[in-house]
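Please read them with the structure open.

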Amino acid sequence: MLQGIEVACVRGDRELFKGVNFSLEMGGLLQVSGPNGSGKTSLLRMMCGLSLPASGEIRWNGVSIGTLSEEYFACTTYIGHLAGVKDDLTVTENLCISSAMAGFEISSDDASNVLNTIGLGGREHLPVKVLSQGQRRRVALARLLACNTTLWVLDEPFVALDVAAVQLLREILERHLQQDGMVVMTTHQEIDINASLITQLQLS
Amino acid sequence: MFLWIIKRDLLLAVRRRSDVLITLFFFVIVVSLFPLSVGPEMNLLRTMAPGVVWVAALLASMLSLNRMFSSDYQDGTLEQMLISPQSLSFLVLGKTLAHWLVTGLPLVLMAPVLGIQYDLPGDALFVLVISLLIGTPVLSLIGAIGAALTLGLRGGGVLVSLLVLPLYIPILIFGSGAVEANMAGVDFAAHLSLIGAFFFVSLVFAPWVAAWSLRVSLE
Amino acid sequence: MAINWFKYSSPASFYSLAGKMIPLFAAAAIILLIMGLYVGFFVAPTDFQQGEAYRIIFIHVPAAWMSMFLYVVMACWAGFGLAFNTRLSSMMATAIAPTGAMFTFLALWTGSLWGKPMWGTWWVWDARLTSELILLFLYIGFMSLQAAIDDPRRADKAGAIIALVGVVNIPIIYFSVQWWNTLHQGASVSVNQAPAMASTMLMGMLIMVFASWMYSIAVILKRVRIIILERESHTAWVAELQKEGVV
């Protein structure tokens with residue numbers, strides 16, 4: 001269970017938000033919304049342990065994620081604004097290396113299965129720099145399928161995706177939630193995701 | 001994992017060969033400038049050679065420091081490294097080692113050729129190569145801290161030299177000192193053992209400090 | 001009576017405490033400075049080897065001591081700030097750096113002024129002067145790093161790391177420079193043997209050291225107050241001060 005207690009965020013000398021509380025159960029989806037500059041990305045970065053809250057605490061199964069650190073990182077996948085893919089590497093190399101970095105070493109067969117599912121079949125050996133923006137996002141999202149983690153933290157996952165890819169990602173998220181996974185995401189688009197447990201978190 | 005990261009960085013370097021060559025050519029050009037500015041008098045050049053080669057090696061490894069983390073920072077890979085369940089210190093150590101293989105090792109291999117330009121005797125060439133071989137990894141290790149601290153800052157390239165060059169001084173002193181001692185017919189083993197000591201100390205502490213600096217810089 | 005020291009670790013209460021202390025330290029600095037200079041220039045006897053030129057040590061030696069000491073103090077505060085996340089400690093470190101750099105520069109400058117009549121040249125690559133020069137580089141590195149970072153939290157932490165790395169390296173650098181200097185005997189003129197000092201000379205020097213201390217504390221506190229105001233400009237208590245027209 002992921003829990004935020006009175007979380008506050010300060011950027012420079014400006015307070016973005018304070019007193020934010022949330023909790024997310026197995027199979028739950030947490031949608032973070034708010035206008036530009038309200039600190040959505042900052043909150044997501046705190047949730048995955050990249051930065052510390054100015055005050056308050058984020059807990060995973062009752063323990064502060066700061067003390068868990070690597071143990072917590074092993075069960076989360078974060079996909080941010082930056083895709084985290086290397087232009088000079090091929091699609092398969094990117095997927096294999098980023099999964100290995102997340103602690104899941106996958107074979108090239110696994111990789112090509114995942115890439116087929118995400119709609120990049122036939123492009124496995126192209127360097128990423130020749131791909132379109134939407135295809136790069138798909139390379140990043142492929143990591144969700146390759147790594148068997150519980151908590152997915154996604155910052156604007158639907159940006160730059162075409163209709164088919166949006167539909168595909170929606171199905172992937174729904175399947176993950178059905179299997180007791182957890183998803184935290186921000187999005188500006190109206191997207192209906194079927195899940196038993198949806199929590200909204202509004203930042204002002 | 002450690003091997004993964006080295007393999008990845010080497011693969012990236014191979015795909016971007018020009019970056020490696022730039023550092024190497026910079027080293028060669030700087031060393032070749034000195035005879036042009038102080039004159040071709042061989043005795044003078046011979047006494048200057050260890051210092052010149054070492055200072056040029058220092059500057060060349062500085063030049064490439066910025067690239068150690070910045071491309072990973074720009075495309076978001078560094079964020080992924082920070083939240084990887086692997087130990088960040090080991091990742092940094094892997095990246096540092098890859099950085100040395102790509103930028104430090106070519107300097108070591110090129111050094112004898114440049115030493116010949118300065119008419120260094122065979123023994124001295126040997127000592128020069130050995131001192132660079134132990135010394136340049138220390139430059140990469142200490143440099144990793146500076147590169148991590150200046151990540152994403154304006155003027156990061158110049159700033160990193162302000163931070164790191166003073167810390168390079170002991171290596172410079174003992175590195176060129178070893179070659180000078182050899183040329184003066186004095187025992188040079190003490191110099192090399194001291195550089196070796198610096199190497200082990202920085203091998204243990206520098207990746208850890210650099211990992212910490214990365215967390216600070218990306219927060 | 002137990003004093004609650006932690007009360008003063010909050011910037012707001014430290015701000016007012018520092019405000020009360022600055023005049024005291026400033027006054028002490030001025031009195032000690034006048035006393036020290038008087039003893040140094042009029043009371044202390046002329047040195048039989050160096051003549052009147054030696055009198056620059058009344059500035060040179062305290063400046064050199066302060067420059068090294070302040071770096072260690074700065075690194076301690078910065079390390080404190082990093083370890084316990086106390087903002088005030090990091091602000092102290094930031095405030096100390098310019099004063100430390102000033103003393104380092106002063107030590108180099110007076111050292112070179114002293115060198116001219118003694119060695120006949122403005123600069124010698126003597127072990128101490130060289131170490132002092134490297135110390136100046138370390139101060140400059142610390143200050144430029146902090147100046148380049150916009151986010152104060154990151155600036156504090158990054159500065160602390162480089163200050164700690166520097167403080168660990170200072171003994172290594174000093175030792176290397178010593179070694180380097182003994183290897184290249186040709187250029188060096190030894191100033192290591194301390195001539196027997198007249199007691200008035202020693203007294204003058206000690207008074208000047210205390211004067212430097214008082215000056216440093218006063219200036220650093222003043223600078224900390226300014227940093228506190230800058231960093232806390234969004235808080236209620238600073239707004240209140242502004243309303244009252246104090247700042």
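1. A salt bridge here is a side-chain nitrogen of Lys or Arg within 4 Å of a carboxyl oxygen of Asp or Glu. The model is predicted, and side-chain atom pairs count only at pLDDT 80 or more. Over all chains, the search of the whole structure returns 22 salt bridges.

2. Start with A:Glu15 and A:Lys18. They form a salt bridge, with the closest N and O atoms 4.0 Å apart. How accessible are the two partners? A:Glu15 is partly exposed, at a relative accessible area of 45%. A:Lys18 is exposed, at 58%. The cut-off for exposed is over 50%, so the two partners fall into separate classes.

3. Next, A:Arg59 and A:Glu57. This salt bridge has its closest N and O atoms 2.8 Å apart. A:Arg59 has a relative accessible area of 28% and is partly exposed. A:Glu57 is also partly exposed, with 28% relative accessibility.

4. A:Lys86 sits in the loop between strand E6 (76–79) and helix H4 (91–101) of chain A. B:Asp75 sits in the loop between helix H4 (67–74) and helix H5 (77–82) of chain B, so the pair joins two chains. Are these residues buried or exposed? Both A:Lys86 and B:Asp75 are buried.

5. This pair is part of a network. Salt bridges with shared partners link A:Lys86, B:Arg8, B:Asp9, B:Asp72, B:Asp75 and B:Lys95. When checking the A:Lys86 and B:Asp75 contact, view it with the other members of the network.

6. Now the fold of chain B. How many helices and strands does chain B have? There are nine helices and zero strands. Read from the N terminus, the elements run α-α-α-α-α-α-α-α-α. The radius of gyration is 18 Å, close to the 17 Å that the globule rule gives for 219 residues, so chain B is as compact as a globular protein of that length. The C-alpha trace spans about 55 × 35 × 30 Å along its principal axes.

7. Packing in chain B. Of its 219 residues, 57% count as buried. Take the contacts between residues at least 6 apart in sequence: 81% of them join residues at least 24 apart.

8. Surface and charge of chain B. The accessible surface comes to about 8,400 Å², and 73% of that belongs to carbon and sulfur atoms. Chain B carries 10 positive and 11 negative side chains. The centres of the two sets lie 12 Å apart.

9. Two backbone angles to check. Most residues other than glycine have a negative phi. A:Asp180 has a positive phi, near 65 degrees. Where is A:Asp180 found? It is in the loop between helix H7 (163–178) and strand E8 (182–186) of chain A. A:Asp180 counts as partly exposed, at 43% relative accessibility.

10. The other angle is in chain B. Phi of B:Asp119 is positive, near 60 degrees, and this residue is not a glycine. B:Asp119 lies in the loop between helix H6 (88–117) and helix H7 (122–149) of chain B. With 35% relative accessibility, B:Asp119 is partly exposed.

How values were computed. Residues are numbered from 1 along each chain as its sequence is written. Chains are lettered from A and ligands numbered from 1 in the order in which they are written. This is a predicted model: local features need pLDDT of at least 70, side-chain atom pairs count only at pLDDT 80 or more; totals for chains, interfaces and linings use all residues. Side-chain values use heavy atoms; hydrogens and water are left out. Buried means under 20% relative accessible area, exposed over 50%, partly exposed in between (1.4 Å probe, protein chains only). Helices (H or I, at least four residues) and strands (E, at least two) are DSSP runs, numbered from the N terminus. The radius of gyration is taken over C-alpha atoms; the globule rule is 2.2 Å times the number of residues to the power 0.38. Contact means heavy atoms within 4.5 Å. Accessible areas come from the Shrake-Rupley method with a 1.4 Å probe; for residues, only the protein chains shown count as cover. Lys and Arg count as positive and Asp and Glu as negative; His and the chain ends are not counted. The place of a charge is taken as NZ of Lys, CZ of Arg, CG of Asp or CD of Glu.
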